[in-house]
Amino acid sequence: MTDQLKKRRMYIFLLVLMVGTGVAFQGWRTLLNNFAVDVAGLDGLGMGIANSIREVPGFLAMLAIYVILIIREHRLAALSVIITGVGVGLTGLFPSLTGIICTTLLMSFGFHYFETMNQSLTLQYFNHTEAPLVMGRLRSIGALTNITVGGFIYFLAKTLGYTEMFALFGAVAVCAGLWGMTRDPSREDLPLQHKKMVLKKKYWLFYALTLMSGARRQIFVAFAVFLLVEKFDYSIQQITILFVCNNVINYFANPLIGKAVNRFGERAVLSVEYSTLILVFLGYAYTDSPLLAGAFYVVDNVVFNFSMGIKTFYQKIADSKDIASGMAVGFTINHIAAVFIPVMGGIAWITNYRAVFLGAVVMSLVSLILTQLIPDQLRKIRATG
């Protein structure tokens, strides 16, 4: 079997699992805020608590290193997709803060462990120039998946309830995971990964950028859509249309972002991301226009994809045996702030919602400063095989 054919097998494997996960997660993400407000009766603090607990599995992603001692990476990826689907499928049956916390926790364990394995396998199986392109293509297909989910929700919301829609989207992920359990796209000729946590001083900038990215991301995930629903009274159909717009743009933009990483380097791409985010979060804080708030959300969603530069930066500086450990440790670091920022944000929201987004401005500024420490010569690195 040729090297390209082996890579294609892994690409298809990751693609199917990513689509399954994407259907479940996008369905959950689109429905949850309206479900939480309209059915479960949650306020900003309740959403902050639920989102903080949702990030606990991400904080525990480092344990994936020990899980792969007993199950191979690709098997764990498939199993994680099944768990994601089960968590999403059960969400509509428990319309309360406790119910949302429990089902979200289950979904989150599956989602975060799949993402850890997905990133690890991508960086192991594809070289320095291929990895950004593969990430861009997978995210592009993910955007197309999200568009399809958005279309289904827009029309299904008129005839189906939350319970049925959550169950339907969860079932898709379960089926994709079961398919993945029957496949073996692995290779024996790649460097054997360290199956323990590896922390090295030379990776400090990756750790710092990952920490700040996770902190900033929580504002986007926990409060951006909540702002649209609570302050601007966006309906489920309007949120769905917004998500579809996001993903139409991302479908075309993601492959270009991957190419931009190769052409301009991680420092330039990440600098654009954080400079843009400073303006976006200022916009969230001070706009009184529903249209402008929605536009800021679209821009926020697009530049979020620039974060692939943090992972490709790590691939270029990491020892080949540290990839799996690095992705697991990175996920844990990414979620350190995620465990408490949504709760703190929820408390701040009650007093003044603007404080939440102004805090994100500070985080983006710190990230922009750290980004300038990335060596510019990294963009000249080319794969040798």
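Guide: Trp-28 has a relative accessible area of 4% and is buried. The model is a predicted one.

Visitor: Why is Trp-28 called buried?

Guide: The term buried requires a relative accessible area under 20%. Trp-28 has 4%, so the term applies. Phe-25, at 16% relative accessibility, is buried by the cut-off of 20% as well.

Visitor: How many aromatic pairs does the structure hold?

Guide: There are 20 aromatic pairs in the structure. Phe-25 and Trp-28 form one that is stacked.

Visitor: What makes the pair of Phe-25 and Trp-28 stacked?

Guide: Two values decide the matter. The ring centres are 5.6 Å apart, and a pair requires centres within 6.5 Å. The planes stand at 25°, and stacked requires under 30 degrees, so the pair is stacked. Both residues belong to helix α1 (residues 3–39), where they lie three residues apart, about one helical turn.

Visitor: Why is the pair of Tyr-284 and Phe-296 called edge-to-face?

Guide: The centres of these rings are 6.3 Å apart, which is within the 6.5 Å limit. The planes of Tyr-284 and Phe-296 meet at 70°, and over 60 degrees counts as edge-to-face, so that term applies. The pair links distant parts of the chain, for Tyr-284 is in helix α11 (residues 266–286) and Phe-296 is in helix α12 (residues 290–304), 12 residues apart. Tyr-284 is buried, because its relative accessibility of 0% is under 20%. Tyr-284 and Phe-296 also belong to a cluster linked by ring pairs, whose members include Phe-223, Phe-281 and Trp-349.

Visitor: What makes Ala-348 partly exposed?

Guide: Ala-348 has a relative accessible area of 23%, so it is partly exposed. This residue is found in helix α15 (residues 341–351). Leaving aside neighbours within four places in sequence, Ala-348 is in contact with Tyr-353, Ala-355 and Val-356.

Methods: Residues numbered from 1 in each chain as written. Predicted model: local features only at pLDDT ≥ 70, side-chain atom pairs only at ≥ 80, totals over all residues. Heavy atoms only, no water. Phe/Tyr/Trp six-rings, centres within 6.5 Å; stacked < 30°, edge-to-face > 60°. Helix = DSSP H or I, 4+ residues; strand = E, 2+ residues; numbered from the N terminus. Buried < 20%, exposed > 50% of the residue type's maximum accessible area, 1.4 Å probe, protein only. Contact = heavy atoms within 4.5 Å.
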